Amino acid sequence: MATNVLLPALGFDMTSGAVARWLKKEGDAVREGEPIAEVDTEKATVEIPAFATGVLQKILVPAGQNVPVGTTIAIVGAPGETSAMSVSPKSNAPVATAPTQVSETKSQPSNGDSWVKASPVARRIAEVEGVNLADVAGTGPNGRIIQRDVEAYLTRRPSGVPAPAMSVAPRAPVAPTPTSPPSSLLAGEGRREEVALSRIRQAIARRMTESKTTVPHFYVTFEINMTDAMKMREQLNNLASAEDKISVNDLVVAAAAKTLKKWRTFNASFRGDKLELHGDINIGVAVALDDGLITPVLHHADQKSLKELARDTKALVERTRANKMRADDLTGGTFSVSNLGMYGVEEFSAIIVPPEAAILAVSAIIKKPSVIGEQIQIAQMMKATISVDHRVADGAQAAQFMRDLKALLENPVNLLID
């Protein structure tokens, strides 16, 4: 029986999208779960799997055409089966007559290789400078061309060709009179540079502005003694293979997942006149990319052992950085953890990812004198701040959540117990 392949919603606010590239052509055999297309979202290119085994009978939406979420974009059927073609023409009407804007990984024609992966900023600079991306060696994930690759190429370009520039826009005009210096000079610079925003940065700008202006945030910070947690981590890692080694972030995510089981209010979404308590605990893990921050989702974090959690998180981060995300990697988040400890940040607060109710910001572990019992000892201390939607919870509840999170991390053996 033929199966319709629908354009999925890859994010709670996604209403439309475009296939960036078909990985199969009509007539190809496909297996259930096998990627058959890549879809551009605002934050990443995501692989769409086949939901049935058979033959890709018909591609209904060509690459680049923007269509609403839920549109049937292809049909998979059994070998020898006649294509069903049971799709309403209306459902496949494009959202706009013009082709969708080129994505961060969309192809650029080149010498026989029609698929050159490049970030939006790299593409924009290449367009302004007249650079053929096929001539540029990419150093990003899977050879993806990023900004520094194009800039490096420009520095090697022969003389007589315009010099490389960070700018992607013409220089700001200079005022005609010396008594009225341009604003760029007033700012202490001889020139002003403008750089086009990547799609990820545009999405972050829109969503974080929406969050900060519509969600009443408040913050609660606790300092946590991580000395015992670090000892336990060292002992476990001495016995673990490379892929199973546990990071500090894994300990924090595990503790957050366990705490969320008790404090379900923080695993919820505000829905107008009601509060939606989520049944699953799916934790978004912030990952920094060249173009911005993305938060892929670790599903059912509370049901994983520390070892499983470490392994799954590594795989999730690797898929994200390699631009090989799956459809469910971007959806279903109920709580997020943002960790800047690896950069030496001592304390910070994060902005809630809508429609979640809270996010936990984790800083660096720093050795410092600490009063333990009646003595001053050197301890490994870490500050953690929870940002909370005040429509969902109050300060006292947040304090109790953080108290329990702190207790788990300061008695880390509890993280090993189901």
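Student: Is Arg-311 buried, partly exposed or exposed, and at what relative accessibility?

Tutor: Please keep in mind that this is a predicted model. A residue counts as buried under 20% relative accessible area and as exposed over 50%, with partly exposed in between. The value for Arg-311 falls in that middle class, so Arg-311 is partly exposed, at 36%.

Student: Which residue does the side chain of Arg-311 meet in a salt bridge, and which parts of the chain does the pair tie together?

Tutor: The N to O distance in this salt bridge is 2.8 Å, and the partner of Arg-311 is Asp-244. Arg-311 lies in helix H7 (residues 306-321), whereas Asp-244 is in the loop between helix H5 (227-239) and helix H6 (248-262). Asp-244 is buried, with a relative accessible area of 7%. The pair therefore ties together helix H7 and the loop between helix H5 and helix H6, parts that are 67 residues apart in sequence.

Student: Which residue does Arg-319 meet in a salt bridge, and are the two side chains' residues buried or exposed?

Tutor: Arg-319 is in helix H7, and its partner sits in the loop between strand S16 (325-326) and strand S17 (335-339), 10 residues apart from Arg-319. The salt bridge has an N to O distance of 2.9 Å, and the partner is Asp-329. As for accessibility, Asp-329 and Arg-319 are both buried.

Student: How many residues apart are Lys-368 and Glu-223, the two members of another salt bridge?

Tutor: In this salt bridge the closest N and O atoms of Lys-368 and Glu-223 are 3.1 Å apart. Lys-368 is partly exposed, with a relative accessible area of 26%, and Glu-223 is partly exposed as well, at 31%. Lys-368 belongs to strand S18 (residues 358-372) and Glu-223 to strand S9 (residues 217-225), so that the pair links distant parts of the chain, 145 residues apart.

Student: How many salt bridges does the structure hold, and which residues are linked in a network of them?

Tutor: The network of salt bridges links Arg-21, Glu-38, Glu-47 and Lys-324. For the structure as a whole, the number of salt bridges is 18.

Student: How does H6 pack against H8, and at what angle?

Tutor: The axes of H6 and H8 are 9 Å apart, and the angle between them is about 135°. The angle asked for is about 135°.

Student: What is the angle between H6 and H7, and what is the handedness of their crossing?

Tutor: H6 and H7 pack with their axes 10 Å apart, at an angle of about 120°. At that angle the two helices are oblique to each other. H6 passes H7 in a crossing that is right-handed.

Student: Which class of accessibility does His-300 fall in, and what is its phi?

Tutor: His-300 lies in the loop between strand S15 (297-298) and H7. With a relative accessible area of 30%, His-300 is partly exposed. Although His-300 is not a glycine, its phi is positive, at about 50°.

Student: Is Asn-323 buried or exposed, and what is its phi near?

Tutor: Asn-323 is found in the loop between H7 and S16. Its relative accessible area is 7%, which makes Asn-323 buried. Asn-323 is a residue other than glycine with a positive phi, and that phi is near 60°.

Student: What distance separates the C-alpha atoms of Asp-280 and Asp-302?

Tutor: Asp-280 has its place in the loop between strand S11 (274-277) and strand S12 (283-285), and it is partly exposed, with a relative accessible area of 36%. Asp-280 and Asp-302 are 22 residues apart along the chain, and their C-alpha atoms are separated by 8.4 Å.

Technical notes. Residues numbered from 1 in each chain as written. Predicted model: local features only at pLDDT ≥ 70, side-chain atom pairs only at ≥ 80, totals over all residues. Heavy atoms only, no water. Salt bridge = Lys/Arg side-chain N within 4 Å of Asp/Glu carboxyl O. Helix = DSSP H or I, 4+ residues; strand = E, 2+ residues; numbered from the N terminus. Buried < 20%, exposed > 50% of the residue type's maximum accessible area, 1.4 Å probe, protein only. Axes fitted to C-alpha atoms, helices over the stretch in contact; angles between N-to-C directions. Parallel < 35°, antiparallel > 145°, perpendicular 65-115°, else oblique. Left-handed = near helix turned anticlockwise from the far one by under 90°.
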